[in-house]
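Subject: A structure for you to look at

Hi,

Here is the structure I promised to pass on. Please open it and have a look around before you read my notes.

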Amino acid sequence: MLKENLLLTISPLSAFEDNYIWSLCQPDNPFCVVVDPGDATPVLRLLQQQQKTLYAILITHHHPDHTAGLAQLQLAFPEVRIIGPAAERAKIPLLTEYVQQGDTIELTPFQYQFQVLDLPGHTLGHIGFYAAPYLLCGDTLFSAGCGRLFEGSPAQLYHSLQKLAALPDATEVYCTHEYTLANLRFALTVEPDNQALLAYQQQCIMLRQANQPTLPANLATEKQINPFLRCENKALQQRLQQDNAIDLLTRLRAMKDQFKS
């Protein structure tokens with residue numbers, strides 16, 4: 001599955017069991033950018049097939065399934081820019097550029113700019129990259145779900161998700177795992193009568209049966225079906241006997257951690 005506009009083509013490279021490494025290319029551009037390459041092999045294969053040079057690597061956080069391919073890619077392309085979270089520079093020693101909230105990344109060969117968003121929660125220094133309509137959000141927001149709290153607090157994750165929810169409805173969510181069907185099974189235990197959720201589940205089942213990714217997700221849809229983006233919903237708070245949005249997210253995350261689909 002490819003997502004194209006006049007300037008950018010974004011396509012998923014599968015890695016490990018369920019990771020996606022996103023590649024950003026243009027048909028007539030000799031350069032390519034990749035996001036969170038936990039494995040160098042599919043990236044090198046793409047670059048060879050398309051005869052492109054790796055211009056930059058964007059890293060959202062330090063976990064090995066997002067960074068383990070860096071050394072091999074840097075060896076193959078010594079001039080590559082490796083751009084990642086300033087707060088995690090000690091854990092990602094191969095970074096060549098350190099960024100944080102408010103910074104802008106100029107991808108000069110693409111005539112494209114990405115804004116950096118601080119998204120603590122899954123890890124303390126997690127970041128995302130946004131250039132309308134594209135959101136590269138790593139493991140913070142998944143379709144129908146969100147990342148586990150390995151380092152941050154529920155309040156941090158809540159505020160990170162609210163930051164993403166405030167982006168335009170047309171935003172396309174490029175997260176880095178194919179977790180959608182499992183997330184939807186959990187979401188339906190929270191809101192079994194949510195008609196948008198039921199319809200979206202059928203759509204995603206059909207995509208996976210056709211061996212197609214469920215991503216990118218649409219942010220407007222996510223705000224209808226993703227329980228972690230619906231913590232302000234009073235009916236959900238009442239159903240799960242929580243007093244406020246952060247308490248509800250805390251409860252939902254604990255329930256999801258124990259959920260067996």
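Below is what was found in it, starting with the whole chain and moving on to single residues.

First, some ground rules. This is a predicted model, in which local features need pLDDT of at least 70 and side-chain atom pairs count only at pLDDT 80 or more, while totals for chains, interfaces and linings use all residues. Residues are numbered from 1 along each chain as its sequence is written, and side-chain values use heavy atoms, with hydrogens and water left out.

The whole chain

The chain has nine helices and 15 strands. Both are DSSP runs numbered from the N terminus: helices are H or I with at least four residues, and strands are E with at least two. The radius of gyration is 18 Å, close to the 18 Å that the globule rule gives for 261 residues, so the chain is as compact as a globular protein of that length. (That radius is taken over C-alpha atoms, and the rule is 2.2 Å times the number of residues to the power 0.38.) Along the principal axes, the C-alpha atoms fill a box of roughly 55 × 40 × 30 Å.

How much of the chain is buried? Buried residues make up 53% of the 261, where buried means under 20% relative accessible area, exposed means over 50%, and partly exposed is in between (1.4 Å probe, protein chains only). Of the contacts with a separation of 6 or more, 59% are between residues 24 or more positions apart; a contact means heavy atoms within 4.5 Å.

The inside

The largest nonpolar core has 62 residues, and Leu24, Ile105, Leu107, Phe114 and Phe129 touch the most other members. Such a core is a set of buried Ala, Val, Leu, Ile, Met, Phe, Trp, Tyr and Cys residues joined through side-chain atoms within 4.5 Å. Apart from it lies another core of 20 residues, among them Ala15, Val43, Leu54 and Val80. Leaving aside residues up to four places away in sequence, Phe129 touches residues including Leu58, Ile83, Val99, Ile105 and Phe114.

Beyond four places away in sequence, Val33 touches several residues, including Trp22, Leu24, Tyr55 and Leu107. Val33 and Leu107 are 74 residues apart in sequence, yet their C-alpha atoms are 8.7 Å apart in space.

Some backbone details

Two cis peptide bonds come next. One runs from Ala132 to Pro133, with omega near 5°, and Pro133 is in the loop between β10 (127-131) and β11 (134-138). Another runs from Leu215 to Pro216, also with omega near 5°, and Pro216 is in the loop between α6 (195-209) and β15 (217-218).

Finally, which residues other than glycine have a positive phi? Gln111 has a phi of about 55°, and Ala144 has one near 70°. Gln111 is in the loop between β8 (104-107) and β9 (112-118) and is exposed, with a relative accessible area of 68%. Ala144 lies in the loop between β12 (141-142) and β13 (145-146), but this residue is buried, with a relative accessible area of 1%.

Enjoy exploring!

Best wishes
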